[in-house]
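Student: I'd like to learn how to read a protein model. Could you walk me through one, feature by feature?

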Amino acid sequence: MASIEFWGGLGVIGSSKIMITDGDDRVLLDIGLDIPSGANLFRAPVRIRPERELADRLRVGGAPALPGVYDPAFLRPGDPLGDPVGDPAATRIFVSHPHIDHVGLAGWVRPEIGVYAHTDAVDLLDALRANGLGLPGGDPAWRRLSAGEVVEVGAMTVQCILVDHDVPGACGYLVRTGDGVLAYTGDIRFHGRRPELSEAFVEAVRGADVLVTEGTTLSFTPPEGPPRTASTKASLSSGRRPWKRMSPV
Ligand SMILES: [Zn+2]
């Protein structure tokens, strides 16, 4: 029986981590850094202890205790998850796009676990790393995906399908399990530069049994002024910030 577990992304912005288990095989969709709604203990003036950051995050709830996912090299006996559990050979991680709330914990993943992202997303992450802005813990050995590519994870398959978002290499995933099909949008928009990608994603996942998406602004009171879906030109002329400069989520 396949199961879906949410290890983040509920009641918060981003922090997505969706674990799909089918038999002995696991697919983790996104592995975002947790962005706390209250005090953030990992921002200045607090000084992060890089060699202990994972353990510190696990201890204060700044990272979820994902079993069998983190590299024991970052942990010591007595730390949360300091003893290896789970079978990393049966786990694969698929990142939807290179925003920190979807990829920020990937640097602490066990090296035996394959970590996948679209090739354009990997290019961006490589460029960030080359400029001293790599992921905490160090970037994993990325496995590059092309649009439409299907990866087998035991009896499951995971397909990379491009979507439009405000960062290169954004994609969603279609996960086929023995019990049903799950579609995950990642962060998706229909008002940006390439809405046809998002429209094609919708068509590609039509008929899925489960849809997982992020509804960051669904419950917010709409801001006053012109609709935020106005074109960049209209936004600029009205004095509002254009979409492409708004904070990514
Ligand atoms: Zn995003």
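Predicted model: local features only at pLDDT ≥ 70, side-chain atom pairs only at ≥ 80, totals over all residues.

Student: Which residues is Ser 16 in contact with?

Tutor: Contact means heavy atoms within 4.5 Å. If you leave aside neighbours within four places in sequence, the contacts of Ser 16 include Gly 8, Leu 29, Asp 101, His 102, Tyr 184 and Glu 214.

Student: Next topic. How many salt bridges does the structure hold?

Tutor: A salt bridge is a side-chain nitrogen of Lys or Arg within 4 Å of a carboxyl oxygen of Asp or Glu. The structure has 11 of them. Take Asp 126 and Arg 144: their closest N and O atoms are 3.2 Å apart. Asp 126 belongs to helix α3 (residues 119-130) and Arg 144 to strand β6 (residues 142-145), so this pair ties together parts that are 18 residues apart in sequence. Asp 126 is partly exposed at 23% relative accessible area, and Arg 144 is partly exposed at 39%.

Student: What about Asp 164 and Arg 189?

Tutor: Their side chains meet in a salt bridge too, at 3.0 Å, N to O. Asp 164 is in the loop between β8 (156-162) and β9 (171-176) and Arg 189 in the loop between β10 (181-184) and α4 (195-204), so the pair ties together parts 25 residues apart in sequence. Here Asp 164 is buried, with a relative accessible area of 5%, and Arg 189 is buried as well, at 12%.

Student: Which residues do salt bridges with shared partners join into one network?

Tutor: Let me show you one more pair on the way. Arg 194 and Glu 196 form a salt bridge at 3.2 Å, N to O. As for the network, salt bridges that share partners join Asp 123, Asp 126, Arg 129 and Arg 144.

Student: Last one: how do I read aromatic rings?

Tutor: A pair of aromatic rings is described by the distance of the centres and the angle of the planes. Rings of Phe, Tyr and Trp (its six-membered ring) pair if their centres lie within 6.5 Å; planes under 30 degrees apart count as stacked, over 60 as edge-to-face and the rest as tilted. A search of the whole structure turns up 2 aromatic pairs. In one, the ring centres of Phe 94 and Tyr 116 are 4.7 Å apart with planes at 15 degrees, so the pair is stacked. That pair links strand β4 (residues 91-94), which holds Phe 94, with strand β5 (residues 114-118), which holds Tyr 116.

Student: Why does the pair of Phe 94 and Tyr 173 count as edge-to-face?

Tutor: The centres of these rings are 5.5 Å apart and the planes stand at 65 degrees, so Phe 94 and Tyr 173 are edge-to-face. Phe 94 in strand β4 and Tyr 173 in strand β9 are 79 residues apart, and both are buried. Together, Phe 94, Tyr 116 and Tyr 173 make one aromatic cluster.

Technical notes:
Residues numbered from 1 in each chain as written. Heavy atoms only, no water. Helix = DSSP H or I, 4+ residues; strand = E, 2+ residues; numbered from the N terminus. Buried < 20%, exposed > 50% of the residue type's maximum accessible area, 1.4 Å probe, protein only.
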